[in-house]
Amino acid sequence: MGYGFLSKVILLAAVLLPLSLQAAPLEAVPAAQSSIATQATMLDAVWAGERVVAVGDHGIVLLSDDHGKSFRQASSVPLSTPLTGVSFVDARRGWAVGHWGAILLTTDGGESWQLQRLSSAEDRPLFAVHFSNARQGVAVGLWALVLSTEDGGQTWTEQHLQPPPGSKKADLNLMGLFADRQGKLYATGEHGQVLLSEDQGQSWSYLDTGYEGTLWSGAVLADGSLLLGGQRGTLLQGSAKGGAFRKLPMQSKGSVTSVAVSGARVLAVGLDGLMVVSGDAGHSFEERQSSEGLSLTAALLGADGSPVLFSRRGVVPEHP
């Protein structure tokens, strides 16, 4: 179930079919308002100031101003294709990415969005986006696609990666992005590879974790070490400075889709209801199960450590 339902990892259209056999160039169709928007599969979520912004299938964007207790649908999204990643630099300005290489911008906290980029001739999805400030951002996706911007997304430049050690070409699918306090940027990918950039995505080096599967997610812990989530219940902890990564003992085999950190509080969630919690900054972990075994797709932690959870069935109303 490592690939399961997740739109960000359902690569059938782009991977299994030649580009020449894919659908005609996309015509941008706005996301429709839905009475059941909170039940849509959500694929990523962030804090925008005190607001929660979550993105998912059908171009649905959900907003919460009460720390995740209730949500409403954003009023205007110009695309109805899956949105897979979101990043905000303050309470108002943020970006979302998705299928067809789409990049969207909001300047009103997610209420409305405008299209910055759309690769309408081919579906080369973007899976994650991160902005370090209002001008510098990076987006990553299918087949080692890395885009960077220095002007807030008005223009994007594709960065050509060197092949990872032992490979002849750079073709790894890049699934997630996260940064540390020093501005170092990490991209999780296939074959246990993590890419590291110290110059806002202009150049990258590879960190080999010793793991062979796909790494979906990751975060930086309080001590600067990395916590990486992968297939079949894989959680790796280690140092970006070249130290060995250790695999944490896990009972669940659900793939880890999201890792959230707030101070000493750490939460990793995944498929089949997987929840792994630490209250001591990652020194020890407790494995739990979400209510009804829902496959969890994204997670946030509030300032008080309370979780905001999302699943393939939308917002999770009750948190264990």
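Val-46 stands opposite Val-53 in β2, and this facing pair belongs to the place where β1 and β2 are joined by 6 bridges and run antiparallel. Strands such as these are DSSP runs of E with at least two residues, while helices are runs of H or I with at least four residues, and both are numbered from the N terminus. Two strands are said to pair if DSSP finds at least two bridges between them. Strands of a sheet pair through backbone hydrogen bonds, either parallel or antiparallel.

Before going further, note that this is a predicted model, in which local features need pLDDT of at least 70 and side-chain atom pairs count only at pLDDT 80 or more, whereas totals for chains, interfaces and linings use all residues. Residues are numbered from 1 along each chain as its sequence is written, and side-chain values use heavy atoms, with hydrogens and water left out.

The sheet that holds β1 and β2 is open and has 4 strands, in the order β1-β2-β3-β4 with antiparallel pairing. Its edge strands are β1 (42–48) and β4, each of which pairs on one side only.

The aromatic rings come next. A pair of aromatic rings is described by the distance of the centres and the angle of the planes. Rings of Phe, Tyr and Trp (its six-membered ring) pair if their centres lie within 6.5 Å, and planes under 30 degrees apart count as stacked, over 60 as edge-to-face and the rest as tilted. By this rule the count comes to 5 aromatic pairs. In one of them, the rings of Phe-71 and Phe-310 have centres 5.6 Å apart and planes at 75°, so this pair is edge-to-face. Because Phe-71 lies in the loop between β3 (61–64) and β4 (72–73) and Phe-310 lies in strand β26 (residues 307–311), the pair ties together parts that are 239 residues apart in sequence. Both Phe-71 and Phe-310 are buried.

Which kind of pair do the rings of Trp-95 and Phe-131 form? Their centres are 3.5 Å apart and their planes are at 5°, so the pair is stacked. Trp-95 lies in strand β6 (residues 94–98) and Phe-131 in strand β9 (residues 126–131), so this pair ties together parts that are 36 residues apart in sequence. Trp-95 is buried, with a relative accessible area of 0%, and Phe-131 counts as buried at 3% relative accessibility. Ring pairs link Trp-95, Phe-131 and Trp-156 into a cluster.

Finally, confidence should be read alongside the picture: pLDDT, the predictor's confidence in each residue from 0 to 100, averages 89 over the chain, and 90% of the residues score at least 70.

Methods: Buried < 20%, exposed > 50% of the residue type's maximum accessible area, 1.4 Å probe, protein only.
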